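The following note is intended for a colleague reviewing the model.

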Amino acid sequence: MIDELLDDTGFLSAAEDAVRAAAADEVMPRWRQLAAHEVVQKSGPHDLVTTADREAEAHLTRSLTALLPGSVVVGEEGVHADPAVYGAVRGDAPVWIVDPVDGTRQFVHGEPGFCTLVALAHRGELLASWTYAPALGEMAVAVRGAGARLNGAPLRAGAPAPGAVLRVATAHPDYTTPAEKHALAGLAVEGVYPRPCGSAGLAYLAVARGDSDAVAFTWEYAWDHAAGVLLVAEAGGAHRTIGGEPFRVTGGNTLPFTAARDHGTAVRVASLLRHQ
């Protein structure tokens, strides 16, 4: 039944509409309009949540589960409230993996570099994803086996030009441990230009469109990576952990991991991360 939905343009369009509606109703009205009491720290000063995050996730939970009866939602804010919810990514029910505002710090600062991320998975397999940057007017959609599109146009990651410096977006230093910083330091070699990113979702989109060559991340929360991993893969790219295996949305990955424009770049970046 789930496989049939991937061929149902009406279902896919309805899911896209749900993502757009959540952003239009709950996110964009609050962009550059947040009151002080609408921004709260979670684990620390760099880990923020806003009213927009919570309300957009609630909006998506209602609309997406109504679209696919029997499905469940694993969202960043829901898991923060009840960590046991995360186990659904390994369950038998279809699961919507949601990050209502990816790049919350940018959102809070009034910058446009944030997005809403939604992926549909079943028994650990990614089926479809939506990466929506409402302030930038960009909607990227990926469907397993059917490719990736940005605002309706096909996305192809391509491959870096021979001998070109590799541009790699990495986990931001504010969110990494000393051990993770040490691993990412493996990218500080000639021919590689690592730089910290803000929104993980937009970093994946940059790889899928060929504007960046790879990402390198040190954590595996599904809401940050599910949409982007499928987007890059369907644009012709590849993903790889330092253990040499593809990234698994169900967890248990050997970290760090990379997603890149092509297989060769993924292998090279993973090798640099592994040899630290």
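Is R274 buried, exposed or partly exposed?

1. R274 counts as partly exposed, because its relative accessibility is 36%; buried means under 20% relative accessible area, exposed over 50%, and partly exposed in between (1.4 Å probe, protein chains only). The residue lies in helix α9 (residues 263–274). Between R274 and V19 there are 37 Å in space, C-alpha to C-alpha, at a sequence separation of 255 residues.

2. On the basis of the note: this is a predicted model, in which local features need pLDDT of at least 70, side-chain atom pairs count only at pLDDT 80 or more, and totals for chains, interfaces and linings use all residues. Residues are numbered from 1 along each chain as its sequence is written, and side-chain values use heavy atoms, with hydrogens and water left out. Helices (H or I, at least four residues) and strands (E, at least two) are DSSP runs, numbered from the N terminus.

3. Helix α2 (residues 9–27) and helix α3 (residues 51–67) have axes that come within 9 Å and cross at roughly 155°; axes are lines fitted to C-alpha atoms, for helices over the stretch in contact, and angles run from 0 to 180 degrees between N-to-C directions. The two helices are therefore roughly antiparallel to each other, a class for angles over 145 degrees, with under 35 counted as roughly parallel, 65 to 115 as roughly perpendicular and the rest as oblique. The contact (heavy atoms within 4.5 Å) includes F11, A14 and V19 of α2 and H59, L60 and L64 of α3. Its residues divide into 13 nonpolar, two polar and three charged; Ala, Val, Leu, Ile, Met, Phe, Trp, Tyr, Cys and Pro count as nonpolar, Asp, Glu, Lys and Arg as charged, and the others, Gly among them, as polar.

4. L127, in strand β6 (residues 125–133), counts as buried because its relative accessibility is 1%. Beyond four places in sequence, L127 touches I2, L6, L120, A121, H122, A142, V143, R144 and L230. Q106, in helix α5 (residues 104–108), is also buried, with a relative accessible area of 16%.

5. Strands β7 (residues 138–143) and β8 (residues 147–150) run antiparallel and are joined by four bridges; two strands pair if DSSP finds at least two bridges between them. Their hairpin has three residues between the strands, and G145 there takes a positive phi near 80°. Two bridges join β8 to strand β9 (residues 153–154), again antiparallel. In that hairpin, with two residues between the strands, N151 takes a positive phi near 50°. L150 is the bridge partner of A140 and stands opposite A153 in β9.

6. An open sheet of five strands has the order β11-β10-β12-β14-β13, with mixed pairing. Its edge strands, β11 (192–196) and β13 (238–241), each pair on one side only. The twist averages 20° from one strand to the next. Strand β10 (residues 166–170) runs parallel to β11, with five bridges between them, and A169 has R195 as its bridge partner in β11. Helix α7 (residues 200–208) packs on the sheet, touching β10, β12 (214–217) and β14 (257–260), and its direction makes about 150° with that of β12. Helix α8 (residues 222–234) also packs on the sheet, touching β12, β13 and β14, with its direction at about 40° to that of β14.
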